Amino acid sequence: MTSTHQDTPAWPFLVGRGRHQGYRTLLAPGFLVEQDMYETLSAATPSVAPGVLGQAEITCAGLGRLALTYTTESISCDGAGGPDRVDEWLDEHGRPLEMLYGVVAHEPLSHTLAISDLSRAREDAHDAYRTFLADEDDFSVCVSQPYSLPRQAPGRRQNGVVAPDEQRQNARPGDRHRPEYRGRGAIALTAFVVLIVAAGVWLMGRGSTSANVSIIAAGARPANGDTCYSATQLSLQASLSAADGVRIHYRWVPTGALAADSPMPDETVTIRGGSQTVTDIRDASAAPYRLIIDGPVSRRSAPVTCRSSPAGTPTSYGSSETSPY
Amino acid sequence: MGALIGVLVLIVVVTALIRLSSRLRAAHQRRSGVSASSDAVTASPAEDGRVSPIFRVLALGASGSGKTVFLSSMFHELDHRSQHRRYYLDTSAEQRILLSEIYSSVSDTTKPFPLGTRVGDMREFVFDCVAVDDASGARAPVLRVSYLDYAGEVLERGQEGGSTSLTELAAAMEGADSLLGIIDGYRVWQLLQGIPAGETHFRNTLRPLFGFMARASCPIQFVLTKWDLVRNFGEPQDADDQQRLDCVIEALMGFEHFSSLVHEHSSRQVVRLIPVSAVGREFAHIVDGTVSKRRGGILRPYNVDAPFSAVLPDLFKQVEATLDTGALNGLREEGRKALRAHRLDAIAVALARPAVVAARGLLTAAYGLTFSERLTTAYLQWMAAPLDVTAQELEKQRDAAAREFAQLQHLRALVMADFDRTVLRLEASLPQSELRGTW
């Protein structure tokens, strides 16, 4: 049988729990983060046993179908790094921590892909997991960079690698998103070239203004009283930097489960003196909030949650890092 | 040339047909895969009308609150006959093995607790409640209960990052016949100890959960998991379960969204806070803020059957308490008529009777409950009990189908009596577990 090797870009992703923070996407491609679609990765990846490759497919508005190839791995002392005690790698409920990592691709990857093909994704996943465990509360999803993976890899089955049929049998029920691609090499190649060109044009277009607009910090504190627990409203504050005279359009977007009930207004601020602090009052019940800058370029903060201050001290804002894109 | 074109056309057509066939087959297989699991749910005795239809129980709880472990422990406790219980739970081989694996992982003290449920692993467990009558030797499934297992993070993080899992869960809530609010005993312990994480959990994390329960149109209960951990928080050294539960209730009522929820719902239904432990005392403890197993600990589950047992009796009693005597008598009469007919279609006829239609309207108005046809069916059957079905009477039935139907009524009455007994035991040992709202 003859075959051709064609590579396609694949972006690493990672889903996992922390010691006290719940199961979430920790590493994702920039295009999913930018469109606020990254949690589709956690929802679309049913369990597979460690050492078994799972495959799934998601469809995202504006992005089309995406193929996911992933596996799981228990966190051990030589994994994400850190203390040597095994029980350090349990969450507070006494459950082991685990990484579900893999790659996202616009093209389906070879059915004969092996775990070793995900080694680069595994390294990136470990890095993201370390960052997450170091500061779970203020963590925001990391953006991954693509690397090339083969679309076809004939002969792997002969080398003893788990066959795709076997992998499918090992996957658990509920894995309903099966990729089904065949003979789309030309389309894929064209789409990839168009994507690269479009990305280049986009990057060139945004370069002049985007570099100068950033969220220096964002936080929240009770608008009334000293403790978050009794607060009915939050005072949300962010420090923004940009060139003098730049008009920034922003909004606070609730990210809690009650978000849908709380439409939020758009705000604007004109930067003076290179930076500006904005303060807005919002309903505490819809917290946490995320600062979204819509113009002149897109920026977002990690979710900000209310921070109480110790008794007897003035209240202060909790802070949040800017998402790295 | 013409022949060559013909051959090429033929090749193209055949190839297209093969690919079409392949796709159709693949699509069929995918559909079969989905419906296979659906079939596992629906192709039960429940669907032929001879037993009560499925009751959907949805446990709402945060990540780590113990939903899955509680489920595995409950099944392990109820999957066999016991001297004092005339029913047991049955499920498919696949789900039995999965629950058994979870339970084994829980019981093995050399291993940590099992992995939490992942967001992508939302799954439905379906249990048949099989009744056994020792006197006659009859055995049949009389009730079917579904239980949705999911990752608690779905409730905590909502639709962040484009997740649609909450939408799926919300749909499940709409279809639920009963909601169980799972309250994590570990968080309660933190709360009672004055650890900020406990306060934050009840103040913020559980707020959406209480919000969902407040809007529910079905009966609600609270299940306090990890009851074995709720001790040594400053209570008197000789405090018993009642005193400790009093402390818990007082602390929880301090949160307005909890107390108002209890107040709102307890005015029209029984709202319980049922302490349970999937592992029992002396199995786990808290070390440096983390729940750990004790080496050599032995599982002794506590009260894990109570939430399951309370669902139907509470629902039906709540209905009975609302209806006036006239409506109640009308319903009872219709129910008995239907059951005496010993025919499946008699229930369907009864559902259309004016007294039953009016009662359903009253129930919906009084409770805001969606009193579905299947709930009404089960209620009619329960209300008419005890229908004294003796062996002689069974023999008098004209045909095998009627005999079987009457036998099922008898078996169902046995199970309901067992449920009642479990609830009474709970009320006797922990009377304060029935929550009363106060402003």
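These notebook entries record what I looked up in the predicted model above.

**Entry 1: conventions.** I noted that residues are numbered from 1 along each chain as its sequence is written, and that chains are lettered from A and ligands numbered from 1 in the order in which they are written. Because the model is predicted, local features need pLDDT of at least 70 and side-chain atom pairs count only at pLDDT 80 or more, while totals for chains, interfaces and linings use all residues.

**Entry 2: confidence in chain A.** I looked up pLDDT, the predictor's confidence in each residue, from 0 to 100. Chain A has an average of 71, and 63% of its residues score at least 70. I found pLDDT under 50 throughout residues 77–87 of chain A, where the model has 13 contacts beyond four places in sequence. Residues 153–189 of chain A also stay under 50, with 50 such contacts. Two residues are in contact if their C-beta atoms, placed from the backbone, lie within 7 Å. Where pLDDT is low, the predicted coordinates should not be read in detail.

**Entry 3: a sheet in chain A.** Helices (H or I, at least four residues) and strands (E, at least two) are DSSP runs, numbered from the N terminus. Two strands pair if DSSP finds at least two bridges between them. I traced an open sheet of 4 strands in chain A, in the order S11-S10-S13-S14, with antiparallel pairing. Strand S11 (266–270) and strand S14 (299–300) are the edge strands, each pairing on one side only. Strand S10 (residues 247–254) is joined to strand S13 (residues 289–295) by 6 bridges. Within this pair, A:Pro254 has A:Tyr289 as its bridge partner.

**Entry 4: two helices in chain B.** I examined helix H6 (residues 185–193) and helix H7 (residues 196–205) of chain B, whose axes come within 7 Å and cross at roughly 120 degrees. Axes are lines fitted to C-alpha atoms, for helices over the stretch in contact, and angles run from 0 to 180 degrees between N-to-C directions. H6(B) and H7(B) are therefore oblique to each other; angles under 35 degrees count as roughly parallel, over 145 as roughly antiparallel, 65 to 115 as roughly perpendicular and the rest as oblique. Among the residues making the contact are B:Arg187 and B:Leu191 of H6(B), and B:Glu199 and B:Phe202 of H7(B).

**Entry 5: where the chains meet.** I found 40 residues of chain B in contact with 35 residues of chain A. Several elements of chain B each supply at least two residues to this side, including helix H1 (2–42) and strand S9 (290–293). H4(B) gives the most, with 4 residues.
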